[in-house]
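Hi,

Here is the model we talked about, handed over for you to look at.

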Amino acid sequence: MPRYSDELIEEVRSRNDIVDVISQYVRLSKKGSTYFGLCPFHNEKTGSFSVSPNKQMYYCFGCHAGGNVFTFLMQYENYTFGEAMEALAERAGVDLPKQEYTAAQRQEADRRARLLEINKEAAKYFFVLLRGERGKRALDYFKKRALSDETIHKFGLGYSDQYSDDLYRYLRSKGYDDEILKDSGLVTIDEVRGGHDKFWNRAMFPIMDVHNKVIGFGGRVMGDGEPKYLNSPETKIFDKSRNLYGLNFARVTKKPQLLLCEGYMDVIALHQAGFDNAVASLGTALTSGHANLLKRYTKEVYLTYDSDGAGIKAALRAIPILKEVGITTKIINMKPYKDPDEFIKALGAEAYQERIDQAENSFLFEVRMEEQQHDMHDPEGKTAFYNAVAKMLCGFTEKLERDNYIEAVAAKYMISPDDLRRLVNQQGLKAGLAGGGRAPQSVADAQDGARTEYKKSAKKREDGMVQSQKLLLTWLTNSPALFPKVQRYVGADDFTDPICHSVAKMLFEQYEKDGTVNPARIISTYEDEEQQREAAGILNATIHRVDTREEREKALRETVIRVRENSINHKLANTFDVQEMAALAKEKNELPGTVHIPLEE
């Protein structure tokens, strides 16, 4: 990806009005100088998603998503910055510099493009065959599974003919040679049989990447053949450990979690029932690649695996993989039915939503599965179970979290919390867990509690000061005419919070250079998504409504004083120069009487 100049990035950004771009995705209504709508990044009933044409920024006061036109496309479409740049440049008619490829890179890019073309042609061919006489058996299968025409069309379902070289001959007629067809994974070439198809006499499920490009296929045999389900082999465009079926649809869901299933039909049945947040791994166990992919779209995953023994084992394998990347996991209980498809056919979408609402905490699920490995009517079995659970609880290194789970497990399995805590402590000592399960009456815990309370109090003061700094920066962004008045008392270096200081420095430099500010350009300077979100929040702090000029002047004056006093305190804490300390103390003492910021009517 070429490194674009700051000037070119700003040209592309400035030529794509953010209101016009976001209006293609979100219905916006104008209120004053700002537009509002329902946030596309979380589920809400009242619009807290704002788009400011003056700032060329968006910000959600509910989930705190925010940024400029680049970050919107990166969040909504899950584009890389380069992909967002290309899309917006094309929209605005801006020519981007061509990337210089080596001969090998060009050859590799061309080959990938050809493989995508072949998969697209195959998907179209399977789709057409399904609707012909030869595809009747597969169409009847889909209809028997209660799929509507709309759903069949949405997922591009198809049929591979019973003749084992049907697709091969079709693709050859389109001009593709044996070498590239062999690399596609759709065709096998050998000296005896020539070219023959990987898939034949199967109901076909195209597998798409997040940008809706067909990268592979799954096929369900029609009849008694083996294997029942067959997937494309790994190719240059298809890595089953890094792709999820249905993610191209689920990535834009407004639901707070993703539902992780085992199979294609579960995903399709859930989408048809209105659960547009369902995905499945592709004929393989969940991998860290899948987990990292899921993390890009959600913080919560609900496992809706089969309720049989194999499904339970798969869930127990998946939980630690998801936890490793920071995803909260819950388990959906579908008994007495085997899978989501069966459940919804029997009880409907409303009952399935109830099971989602009742989903089980993943750790308590693991404990319940551990219980089934022991005879709880036998004292020895019960003791072994409690020791096993105590060992599991040692996995929580945060004392508060560990204590919460000790309380929950103790309540559920009718054991004294103190007894369970002692067991955890014993297991922790064996495993080298520092301070695991100490009794709450200990001096050390009392000291921990005092330190915690002090930290909470300090954190509260710190959060209040950061909010004051954000508030002042938002004020300056909304009304750049305030800069000369505020600058008499506060400069960029008075913003002590790191991200606030970074934003303030750029804002003050912009004003000094051009007499105005460009907040959307500031967002483009951050590469990290979390920093972009924080910067957007800084420039969109909530300014409480006041009715009179005197009240506005008072609120602004008090904010300026708080920011400057905090800056003085920081300097006092970091200087050993007696004269400087005296000067700072004098300024702090006199500050309230010197700040006066008159506002226009």
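Let me start with a salt bridge: the side chains of K412 and E360 pair up, with 3.8 Å from N to O. K412 sits in helix α18 (residues 399-413) and E360 in strand β17 (residues 360-361), so this pair ties together parts that are 52 residues apart in sequence. E360 is buried at 17% relative accessible area, while K412 is partly exposed at 42%. Do keep in mind that this is a predicted model.

Another salt bridge to look at joins D418 and R421, at 3.1 Å from N to O. These two are three residues apart in helix α19 (residues 417-431), so about one helical turn separates them. R421 counts as buried, with 7% relative accessibility, and D418 is partly exposed at 36%. Through shared partners, salt bridges link K399, D403, E407, D418 and R421 into one network.

Then there is R242, which bridges to D239 with the closest N and O atoms 3.7 Å apart. Here R242 is exposed at 54% and D239 partly exposed at 25%. In total the structure has 30 salt bridges, but zero disulfides.

On the surface, E527, D528, E529, E530 and E534 form a patch of negative charge. E530 belongs to helix α24 (residues 529-538) and is partly exposed, at 43%.

For the overall picture: the protein chain has 601 residues, 46% of them buried, with 26 helices and 17 strands. Its C-alpha atoms fill a box of roughly 95 × 75 × 45 Å along the principal axes.

Cheers

Key: Residues numbered from 1 in each chain as written. Predicted model: local features only at pLDDT ≥ 70, side-chain atom pairs only at ≥ 80, totals over all residues. Heavy atoms only, no water. Disulfide = S-S within 2.5 Å. Patch = residues over 30% accessible without salt bridge, like charges linked within 9 Å, V, L, I, M, F, W, Y side chains within 5 Å. Areas by Shrake-Rupley, 256 points an atom, 1.4 Å probe, with all protein chains shown as cover. Salt bridge = Lys/Arg side-chain N within 4 Å of Asp/Glu carboxyl O. Lys, Arg positive; Asp, Glu negative; His and termini not counted. Charge placed at Lys NZ, Arg CZ, Asp CG, Glu CD. Helix = DSSP H or I, 4+ residues; strand = E, 2+ residues; numbered from the N terminus. Buried < 20%, exposed > 50% of the residue type's maximum accessible area, 1.4 Å probe, protein only.
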